[in-house]
Amino acid sequence: MKLPAQQVAVLEAASADDPRRIEALAAETDYPPETVAGAAFELEDAGLVAVSEASTTDVSLTDEGREYADAALPEVRLYRAALEAGADESPVQMGRAIGASGLEGPQVDIALSNYARKGYGSIDSGELSADPDADPDTDPEADALATLADGGSVDDAAVVDQLASRDLVDVRERTVRSVTLTEAGVTELMAGVEAAEEVGELTPELLASGEWEDVEFADYNVEADAADYTPGKTHVLRQAAERVKDVLVGMGFQEMDGPHVDADFYINDCLFMPQDHPARNHWDRFALSNPERIDSLPADLVERVERAHREGVGDDGDGYHSPWDEDFARALALRGHTTSLSARYLAGVADEDVEPPARYFSVEKAYRNDTLDSTHLLEFFQIEGLVVADDLSVRDLMGTFREFYSQFGIHDLQFKPTYNPYTEPSFELFGRHPETDELIEIGNSGIFRPEMLEPLDVDADVMAWGLALERLLMLMTGFEDIRDVHGTLCDVAFLRDAEVVY
Ligand SMILES: N[C@@H](Cc1ccccc1)C(=O)O
């Protein structure tokens, strides 16, 4: 019987009583695993082999895991240092034990958080005691790391889970295929198989030489495994931003546009934020040093805003009784929220004439000097929105959120009253994280106050909000750390595989 060369090779390397893995056949035949898998499927169709599938879990060390396999787990180092310092007899100062262990930086926290969990001892008001009976030589996590470093495998699922949650190992599910000769296969082999000339790929050479007319082409096998291919793609956050825009446009909103660096006047003063508000100090804003100030501001608008700050608005207006200085308002900074765009649009300094009823949005970056953690970065995407119309109420606002979030499959929303200098009433929005089940804040909103709207010459109600795009994406995909999607610590596998489905 004549078969394509790779099928002959697979048939000859396969055995009738010993299922052989595709990888083993690939190593023996010198064909890539994809080719062997393709050939195996062809042979299976012809009844010459059987292909079985099983899924296995590959566990491999991360860089950090390898480091601890080479040195020792931080908690073990801490335990040894604690013993040395006599902590098995009486508690010792935590700082002393840490100093003696040589642990530094994040490893100190890692050691402390695993020390008590694993029964090495206890930590109480800054003192560390060591359990004399603990035995680091039988530490199952250390054992598992050593086994993996030696190329062995670890069967204890609980230990693997624990190591995975510490990011010391990567766990991957994989389908393993094995090939066994069938009786028909054995018979054919005995009768003799030889390789037929078969071409897998049409090349320019075949075309140029005209040889293509005489060769035999291999069939396509759409079920064969193909090499993993990870081309460039739109970042998942950008995909989410596009979806949000589509949804808002579908809800009748128009997009706003405006500068990332703006005068404090539009970022704060137009929002009735007093100039001595704590968020306006130099710690929280990213100020521009060159140029330091906007060239000019519309004089009549400045005058009205200044008056609102000094005297308040309406008959019982009172104002802030704090200084107001135009120079201070002209200072430039990276916007801390995109509400600066809402201010510009409502004040009529954007290109657009805002005529109620109207709806506006933007999905753009805002910048804050926050402390970095799993939900905060120095910059994030804010979903800004405003509706200007007569007789708006909190019901309209809540209804708009329910409609917006439900388009992303998010139905469990909670509202909490809050305070903003520019809105009254105001409330924060919370959603439930699909993995941790915790309520996380996803936005802030309210009805703009007359003290803000009157100086901007807006004679209608305005409800408005700022929602965090990253938090919306968290609720949609279940990732837990904003640093997974931004910056150098990002989770490349997540960015490759995550899809924004809505
Ligand atoms: N500017 C607010 C969001 C907001 C916008 C409009 C009205 C109320 C709140 C923030 O950054 O959190």
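Which residue in β6 is the bridge partner of Val92? In this predicted model, the partner is Leu128. This bridge belongs to the pairing between β4 and strand β6 (residues 127-130), which run antiparallel and are joined over two bridges. Both strands are part of an open sheet of three strands, ordered β4-β6-β5 and paired in the antiparallel sense. At its edges lie β4 (92-93) and β5 (121-124), each of which pairs on one side only.

Attention now turns to the ligand. The shell around the ligand consists of His337, Thr339, Asn420, Thr423, Asn444, Ser445, Gly446, Ala464, Trp465 and Gly466. Two elements, β18 (439-448) and β19 (461-468), each give two or more residues to this shell.

An unreviewed UniProt entry lists Glu424 under "binding site". Glu424 sits in strand β17 (residues 423-432), and Thr423, a member of the ligand shell, falls within the residue range of that strand. Is Glu424 buried, exposed or partly exposed? Glu424 counts as partly exposed because it has 14 C-beta neighbours inside 10 Å, a count between the limit of 12 or fewer for exposed residues and that of 20 or more for buried ones. Leaving aside residues up to four places away in sequence, Glu424 touches Gly446, Ile447 and Arg449. Of these contacts, Gly446 is also one of the residues surrounding the ligand.

Definitions and conventions
Residues numbered from 1 in each chain as written. Predicted model: local features only at pLDDT ≥ 70, side-chain atom pairs only at ≥ 80, totals over all residues. Near = placed C-beta within 6 Å. Helix = DSSP H or I, 4+ residues; strand = E, 2+ residues; numbered from the N terminus. UniProt positions renumbered as here; feature names shortened; annotations may be inferred. Contact = placed C-beta atoms within 7 Å. Pairing = 2+ DSSP bridges.
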